Amino acid sequence: MADPSSSPPTTPDKPLDPAFYTWSTFFSILTNTASPNDRTQYFKVKDQINEEADCKRCDKDKAWLFAYSPIIRFLTHQISLLGPEDGSASITPANVRCRRCDVKQSGGFSPEHGILVCANHLRNRGHLEDTLAHEMVHAYDHLRFKLDPYDLRHAACMEIRARVCETEGDVECDGETRV
């Protein structure tokens with residue numbers, strides 16, 4: 001019988017070897033031999049390992065989009081026109097937060113907290129731009145129309161408008177609703 005004190009500890013506190021997860025688990029996923037639980041755990045660990053790099057890339061891309069993206073600049077301007085003179089309702093890079101998320105979504109909007117972008121689910125700057133535009137349309141709708149997100153009719157209208165404005169890239173989506 002092996003001496004238990006000589007075996008390496010397998011506590012949750014021990015950092016995982018990134019190379020192990022990168023190669024063995026990745027190839028088992030590619031060959032479809034990984035269980036759904038192993039697959040989920042692999043992506044969760046990869047998200048934790050890449051969290052800092054993902055958030056830095058997201059913050060860098062976010063700053064670029066606020067400076068140069070026509071749709072983001074347009075929506076920023078339109079939202080600032082709706083808020084009070086002090087700019088407290090404006091959407092700026094400061095109230096768009098890039099974080100690691102455990103849920104399968106690219107972002108979200110909260111009137112109390114601003115916009116959350118799930119950095120670990122973004123594919124590229126274009127995906128960030130689409131996500132940011134989508135969430136900014138929600139912010140605009142919240143300020144302009146005082147929609148209740150818990151009313152299913154309002155929620156459906158908000159999602160349709162946000163999706164149309166995001167996918168069309170239509171900067172003319174200026175709050176005119178045609179229902």
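Trainee: What order do the strands of the open sheet have, and what kind of pairing?

Mentor: The open sheet has three strands in the order β1-β3-β2, and the pairing is mixed; strands here are DSSP E runs of at least two residues and helices are H or I runs of at least four, numbered from the N terminus, and two strands pair if DSSP finds at least two bridges between them. Keep in mind that this is a predicted model, in which local features need pLDDT of at least 70 and side-chain atom pairs count only at pLDDT 80 or more, while totals for chains, interfaces and linings use all residues. Residues are numbered from 1 along each chain as its sequence is written, and side-chain values use heavy atoms, with hydrogens and water left out.

Trainee: Which strands are at the edges?

Mentor: The edge strands are β1 (96–99) and β2 (107–110), each of which pairs on one side only.

Trainee: How do β2 and β3 pair?

Mentor: β2 and β3, residues 114–118, pair in the antiparallel sense over four bridges, and V117 in β3 is the bridge partner of G107.

Trainee: OK, helices now. Which strands does α5 lie across?

Mentor: Helix α5 lies across β1, β2 and β3 and runs at about 20 degrees to β2, where angles run from 0 to 180 degrees between N-to-C directions and axes are lines fitted to C-alpha atoms, for helices over the stretch in contact.

Trainee: And what about α3, which strands does that lie across?

Mentor: Helix α3, residues 51–68, lies across β1 and β3, running at about 155 degrees to β1.

Trainee: At what angle do α3 and α5 pack?

Mentor: They pack at an angle of about 65 degrees, with their axes 10 Å apart. Residues of α3 in the contact (heavy atoms within 4.5 Å) include W64 and F66, and those of α5 include L128 and M136.

Trainee: Switching to α4, how does that cross α5?

Mentor: The axes of α4 (residues 70–82) and α5 (residues 125–145) come within 10 Å and cross at roughly 15 degrees. The two helices are therefore roughly parallel to each other, a label that applies to angles under 35 degrees.

Trainee: Which residues make that contact?

Mentor: Among them are I72, L75 and I79 of α4, together with L132, V137 and Y140 of α5.

Methods:
Parallel < 35°, antiparallel > 145°, perpendicular 65-115°, else oblique.
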